[in-house]
Amino acid sequence: MTLNPKPFSLGRIFGIPIYAHYSWLPVFPFYAWAIASGLLPREAPGLSTVQYWLLGLLTSILLFVSVLVHELAHATMARAEGLGTGNITLYMFGGLASLNGQPAQPSSEFKIAIVGPRRVS
Ligand SMILES: [Zn+2]
């Protein structure tokens, strides 16, 4: 028995296989719950419970879509610079685009790194 099962497939985008690690499964509904039951009732009072949950789910989806877009930016720039992308995997706290090989030029590595939009924290 293993405690670290293989990530499961979410499909392909631009031909790049997209996976989710199992650590992502509890986090997705946790974010929705935290937003629906904590953040939104405090910051935007007066909505119904159903509205809070729909907005919580939507926010959680958009959070992971933004992680995916970030990783796709790295992956598609890597492809434009002549590197293949193995896959993209979503994890509990973010994502990872695995590239096939190393960039030949430092400028390629810079471009691949810089296209991932940064979170403002
Ligand atoms: Zn990045």
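**Thr85 and its surroundings**

Reply: Happy to! A polar atom of the Thr85 side chain lies 3.2 Å from the backbone oxygen of Ala75. A polar contact here is a pair of N or O atoms within 3.5 Å; within protein, one must be able to donate a hydrogen and the other to accept it, and residues adjacent in sequence count only if both atoms are side-chain atoms.

Me: Before we go on, what kind of model is this?

Reply: This is a predicted model, where local features need pLDDT of at least 70 and side-chain atom pairs count only at pLDDT 80 or more, while totals for chains, interfaces and linings use all residues. Residues are numbered from 1 along each chain as its sequence is written, and side-chain values use heavy atoms, with hydrogens and water left out.

Me: Thanks. Where is Thr85, and is Thr85 buried or exposed?

Reply: Thr85 sits in strand β3 and is buried, at 15% relative accessible area. Buried means under 20% relative accessible area, exposed over 50%, and partly exposed in between (1.4 Å probe, protein chains only). Helices (H or I, at least four residues) and strands (E, at least two) are DSSP runs, numbered from the N terminus.

Me: Which residues is Thr85 in contact with?

Reply: Leaving aside neighbours within four places in sequence, Thr85 is in contact with Ile16, Ala75, Ala78, Ser98, Leu99 and Asn100. Contact means heavy atoms within 4.5 Å.

Me: Switching to the metal: what are the protein donors of the zinc ion?

Reply: They are His70 (NE2) and His74 (NE2), lying 2.0 to 2.1 Å from the zinc ion. Donors are N, O and S atoms within 2.8 Å of the metal (3.2 Å for Na, K and Ca); water is not among the atoms, so sites may look incomplete.

Me: How are His70 and His74 placed in helix α2?

Reply: His70 and His74 are four residues apart in helix α2, so about one helical turn separates them. Both His70 and His74 are buried.

Me: And Glu71, what does that one touch?

Reply: Glu71 also lies in helix α2 and is buried, with a relative accessible area of 7%. Not counting residues up to four places away in sequence, Glu71 touches Ile88, Gly95, Leu96 and Ala97.

Me: Which residues touch the most other members of the largest nonpolar core?

Reply: Of its 13 residues, those are Ile16, Ile18, Trp24, Leu68, Leu72, Ile88 and Leu90. A nonpolar core is a set of buried Ala, Val, Leu, Ile, Met, Phe, Trp, Tyr and Cys residues joined through side-chain atoms within 4.5 Å.

Me: Which element gives the largest share of this core?

Reply: That would be α2, with five residues. As for Leu68, leaving aside neighbours within four places in sequence, Leu68 is in contact with Ile13, Ile18, Ile88 and Leu90.

Me: Last topic: how many aromatic pairs are there?

Reply: The count comes to seven aromatic pairs. Rings of Phe, Tyr and Trp (its six-membered ring) pair if their centres lie within 6.5 Å; planes under 30 degrees apart count as stacked, over 60 as edge-to-face and the rest as tilted. Phe28 and Phe64 form a tilted pair, 6.3 Å centre to centre with 50° between the planes.

Me: What does that pair tie together?

Reply: Phe28 lies in helix α1 (residues 24-43) and Phe64 in helix α2 (residues 49-80), so the pair ties together parts that are 36 residues apart in sequence. Phe64 counts as buried, at 5% relative accessibility.
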